[in-house]
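Thank you all for coming.

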Amino acid sequence: MSTAYKEYDITEQIHDLHERLVNTFQSGKTKDVAWRKWQLKQLWWMLEDNQKELMAAMKLDLNRSSIESMITDFAGARKDILYHLQHIDRWASDEPLGDTFIARYLGLAHIRKEPLGVVLIIGAWNFPLLLVLQPLIAAIAAGCCAIIKPSELIPNSQGLLKQLIPKYLDESAIGLVCGGVPETTLLLGLRFHHIFFTGSAPVGRIVSAAAAKHMTPVTLELGGQCPAIICRSADIDRAAKCVAYSKFLNSGQICLSVNHIFVDPTIYDKFTERLKYWINEFLDGQPTIDTAIVNQNHFDRLLNLIHDTDGRIFCGGSGNPETRRMEPTVILDVDINDSIMKEEIFGPICPVLKGDFRSAYNATKLKGQPLAIYIFSNDKREVEEILENSNSGGVTVNDVILHAGTSGAPFGGVGSSGHGYYHGPYGFNSFTHLRTIMNAPSWLERALRFRYPPFNATETPK
Ligand code: NAD
C-alpha cells in the first residue's frame with residue numbers, strides 16, 4: 001500500500017469518525033442521563049471483564065507489576081466511575097439561582113448544565129488507562145461525545161483499548177484513534193468543543209495553538225518539577241520513605257513524582273542515609289526497579305542527566321540497556337543551576353539540594369509553578385509560610401501524591417504546570433456549559449419600567 005493511500009485512509013477515517021460523533025451529539029442522544037449512566041457502567045464492565053488482558057498489555061509496555069497497575073490505573077478509574085454514578089443525577093440537574101430564599105422560591109433563574117459537544121481527549125503514556133479513561137468518564141457523565149487518542153508509546157495498551165472501546169461503548173458517540181504526531185495533528189485540525197490534553201508543556205503549546213484556531217477551550221494537564229521540602233522539624237524517616245516510594249512507583253515516571261528534594265542542612269546527612277536505607281529496602285536485593293523506562297530515548301536521556309550533573313552520585317547511577325530498567329539514583333549536593341535541574345526528570349533519579357525551607361520556596365518560585373509541592377514538617381507555621389510563599393497545582397503535607405486521589409477534590413496544574421481541573425464535579429464542569437436561564441414574570445416588567453429610555457439623570461425611578 002502506498003504511503004499516500006495510507007495517509008488518505010487515516011484522514012478519511014478520522015473525518016468519518018468526527019462527523020459521526022457530531023451527528024450523534026446533534027441528535028441529543030448523549031444528553032439523556034440514562035444513556036450516560038449506561039455508558040459509565042459499560043466502562044466498568046470493560047475494566048472488570050478484561051482486567052487480566054489490560055494488565056498484561058501494561059506489563060508488555062512498561063514491565064509494570066500487576067499490583068502497581070491495580071493501585072494506579074485500575075483503582076483510579078474504578079473509583080471515578082462509582083463516584084460519577086453516585087453523583088451524576090445531582091450534577092446534571094438544573095441548579096436554582098438567587099441569594100435569597102424568596103428568589104430561589106420564585107424560581108426566577110436557574111443554571112442548566114449543558115454538555116459542550118464533541119470533545120477530544122489526548123493522553124500521555126505513563127498511565128495507559130487512567131489518563132484517557134478518567135477524562136472520558138467526566139466527558140460521558142457531562143453528556144459529551146468523545147474521541148480519545150492514547151499515546152503511541154504504549155502500543156499494547158493502545159491496541160487493546162482500540163479493540164475494547166467499540167465492543168463496550170456506544171460507537172456512535174465514543175471513538176478511539178491510534179497513532180502519534182501525524183494522527184494527533186489531523187485530529188487537531190478538526191473543530192472540537194473542548195480539548196483535554198495530558199502531556200508535556202511543549203506539546204501543550206501545539207495543542208493550544210491548534211485549539212485557538214477554532215476558539216476551542218482547552219484543559220492542559222502538564223508536568224512540572226515537583227519539589228519535596230524537608231524541614232528541620234520533619235519526621236525524617238517518614239519523609240525519606242515517601243520520597244523513595246515516589247521514585248519507585250512507575251519508576252518515577254509520574255507527573256506527580258518528587259523531582260528534587262530540598263533538605264534542611266541540620267538534617268541533611270541523616271535524611272540522605274534514611275533515603276538510601278529505604279531505597280535498598282524497596283529494591284529487596286534487586287539491582288534495578290522492575291518497571292522499565294518507556295523507551296530507549298527516555299532511557300538514554302536519563303543516563304545523560306546522570307552523566308552531565310556536577311552533583312555527587314550517592315547511590316545508583318546506571319541501568320540495564322537491554323531491559324531499560326534503572327537503578328534508583330540519588331545525587332547529592334546539587335546546585336539549583338545544575339543541568340539536572342533544567343527539565344522535569346520523569347524517572348528514578350533524585351537530586352538533593354541543601355537548603356532550609358525559605359531558600360527552598362524562593363528557589364521554587366523561580367522555576368515556574370510545579371504541579372505539586374510536598375512539604376515535610378511538623379511545624380504548622382512553617383507549613384503555612386511555605387504555602388503563603390509558593391504556588392503549585394496541589395500540595396500534600398507529610399506524604400506524596402495523596403492530594404490527587406482525594407475524592408471530590410479538583411486536580412490540575414497552574415501556570416506552567418497547566419490549567420483547568422478534573423476529578424469529580426470539576427471534570428464534569430470542564431465538559432459542561434453552565435447556561436444561566438432567567439424566566440422573567442409579567443410583574444417584573446412593571447418593577448423594571450424605569451430602565452427604558454429616554455434616560456434622564458435628574459429623574460429618580462418611581
Ligand atoms: P507528550 O507531550 O510527548 O505526548 C502527549 C500526547 O501528545 C501523546 O498522545 C502524543 O501522541 C501527542 N503528541 C506528541 N507530540 C505531538 C505533536 N508534536 N503534535 C501533536 N501531538 C503530539 O507527553 P508524554 O511523553 O506522553 O508524557 C509525559 C509528560 O506528560 C510529562 O511532562 C508529564 O509530567 C506529563 N503528564 C502530566 C500529567 C498531569 O496530570 N498533569 C499526567 C501524566 C503525564
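Before anything else, a term that we will need: a residue counts as buried when its relative accessible area is under 20%. Please also keep in mind that what you see is a predicted model.

With that cut-off, Cys 145 is buried, because its relative accessible area is 0%, and Cys 350, at 3% relative accessibility, counts as buried too. How many disulfides does the structure hold? The number is 0, and for Cys 145 the reason lies in distance, because the closest cysteine sulfur, in Cys 144, is 7.6 Å from its own sulfur, which is too far for a bond. Cys 350 is likewise in no disulfide, with the nearest cysteine sulfur, that of Cys 315, lying 9.1 Å away.

Let me turn to the helices, where the axes of H2, residues 33-49, and H6, residues 130-142, come within 8 Å and cross at roughly 155°, so that H2 is roughly antiparallel to H6. On the H2 side the contact includes Trp 35, Leu 40 and Met 46, and these belong to a group that meets H6 residues, among them Leu 133, Ile 137 and Ala 141. Taken together, the residues of this contact divide into 11 nonpolar, 1 polar and 1 charged.

Finally, there is an open sheet of 3 strands in the order S1-S2-S18, with antiparallel pairing, in which S1 (95-96) and S18 (432-438) are the edge strands, each pairing on one side only. Strand S2, residues 109-115, pairs with S18 over 7 bridges, and His 110 stands opposite Ile 437 in S18.

Terms used: Residues are numbered from 1 along each chain as its sequence is written. This is a predicted model: local features need pLDDT of at least 70, side-chain atom pairs count only at pLDDT 80 or more; totals for chains, interfaces and linings use all residues. Side-chain values use heavy atoms; hydrogens and water are left out. Two strands pair if DSSP finds at least two bridges between them. Helices (H or I, at least four residues) and strands (E, at least two) are DSSP runs, numbered from the N terminus. Axes are lines fitted to C-alpha atoms, for helices over the stretch in contact, and angles run from 0 to 180 degrees between N-to-C directions. Angles under 35 degrees count as roughly parallel, over 145 as roughly antiparallel, 65 to 115 as roughly perpendicular and the rest as oblique. Contact means heavy atoms within 4.5 Å. Ala, Val, Leu, Ile, Met, Phe, Trp, Tyr, Cys and Pro count as nonpolar, Asp, Glu, Lys and Arg as charged, and the others, Gly among them, as polar. A disulfide is a pair of cysteine sulfur atoms within 2.5 Å. Buried means under 20% relative accessible area, exposed over 50%, partly exposed in between (1.4 Å probe, protein chains only).
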